[in-house]
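I opened the model today and kept notes as I went. Here is what I looked up, entry by entry.

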Amino acid sequence: MTALQNDRFLRALQRQPVDRTPVWMMRQAGRYLPEYRATRQEAGSFMDLCRNKELACEVTLQPLERYELDAAILFSDILTIPDAMGLQLRFAPGEGPIFDKPIRTDAEAKKLFVPDMASELGYVMDAVSTIRKALNGRVPLIGFSGSPWTLATYMIEGGSSKTFSQIKAMLYDQPQTLHHILGVLADSVTAYLNAQIEAGAQAVQIFDTWGGVLTPRDYEAFSLQYMARIVDGLIREKDGQKVPVILFTKGGGQWLEKMAETGCDALGLDWTTDLDDARARVGDKVALQGNMDPSVLYASPERIREEVATILGKFGKNNGHVFNLGHGIHPEIDPEHAGAFIKAVTELSPAYH
């Protein structure tokens, strides 16, 4: 593989010195970009776009053509694993993802299996290798997966949810059934991320989007222990280079110490936890990624720059910060405002290094 021309993202994840704070955005390849919407229309559907390695590569690279980003992230979806398990994923206009065959009973749970990464999910690995080749060492490529708990919420609810009534009922009434589902998912995510690493991903992130809806007791039992199991099973070095692992639990600021004990390299933070507080709590155990409120990007470029300065100041002159939004960029954001955000990080952060 071609040597990296820009490795500050990987260095920051390992808490090594960098010349400025690296920056990327969750959902940086997405609906806020007109060029993405054009490619999506060409593909025909969202999943058709994910399954076409050339188009998936094209949209992965689109934000790098606009902005001075320090990492690319695979264009895919967190629900590829349950789709490969046969739950029949579809995307309904205005409704989001829907599974036509949700898991509601112990008998249905017992039929779940770890998908074959080459046959059922080979299109993802094809996209990874295609993107890595196209990047040609420009910036590192991030692979990703949803966490077992987050994947289970969609699989059991049958789609998005505000109350999580189905999975919470299973958690309290049929905990062993839910633990079985989460165990199969943990094995699946481990195999999935390792396959991405083998195909060329240079760092991986586990998105625990819905971990924050759990009580502290249930977070440890039904989310964190399964992410720790995944971290334990991941390839941590490839081609002589360390492969860092980022854990991100939205709404998980109260559990940072326990998350840091999993053996991951970095924690993603949403905007509800200040960076200075997080750093004081986890020390030098892990790097920190985050954590600007995505809604700041609705504001003026001047206000965006002020917020970037505030967040940089909260982390201070320390190693181990990757600048990011606290969650994915919103579809309605003006691309010029995203550009103002990236520019502010690249211009203001050298003073902290």
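**Entry 1: helix 10.** I began with the length of helix 10, which has 25 residues and reaches 36 Å from its first C-alpha to its last. That is close to the 36 Å expected at 1.5 Å a residue; the expected span is 1.5 Å times one less than the number of residues. Helices here are DSSP runs of H or I with at least four residues, strands are runs of E with at least two, and both are numbered from the N terminus.

I noted the ground rules. This is a predicted model, where local features need pLDDT of at least 70, side-chain atom pairs count only at pLDDT 80 or more, and totals for chains, interfaces and linings use all residues. Residues are numbered from 1 along each chain as its sequence is written, and side-chain values use heavy atoms, leaving out hydrogens and water.

Is helix 10 mostly covered or uncovered? I found it mostly covered, with 19 of its 25 residues buried. Buried means under 20% relative accessible area, exposed over 50%, and partly exposed in between (1.4 Å probe, protein chains only). Just after helix 10, I saw that Gly200 takes a positive phi of about 135 degrees.

Entry 2: I traced seven strands in an open sheet, in the order 1-4-5-8-9-10-11, with parallel pairing. Two strands pair if DSSP finds at least two bridges between them. The edge strands, strand 1 (72-73) and strand 11 (321-322), each pair on one side only. Strand 5 (residues 203-208) pairs with strand 8 (residues 245-249) over five bridges. I picked out Asp208, whose bridge partner in strand 8 is Thr249.

**Entry 3: Lys250.** I found Lys250 in the loop between strand 8 and helix 12 (256-260). Lys250 is partly exposed, because its relative accessible area is 25%. What does it touch, leaving aside neighbours within four places in sequence? Its contacts (heavy atoms within 4.5 Å) include Asp208, Trp271 and His327.

**Entry 4: helices 14 and 15.** I checked how helix 14 (residues 301-315) meets helix 15 (residues 335-348): their axes come within 9 Å and cross at roughly 40 degrees. Axes are lines fitted to C-alpha atoms, for helices over the stretch in contact, and angles run from 0 to 180 degrees between N-to-C directions. The two helices are therefore oblique to each other. Under 35 degrees counts as roughly parallel, over 145 as roughly antiparallel, 65 to 115 as roughly perpendicular, and the rest as oblique. Among the residues that meet, I noted Ile304 and Leu312 in helix 14, and Phe341 and Val345 in helix 15.
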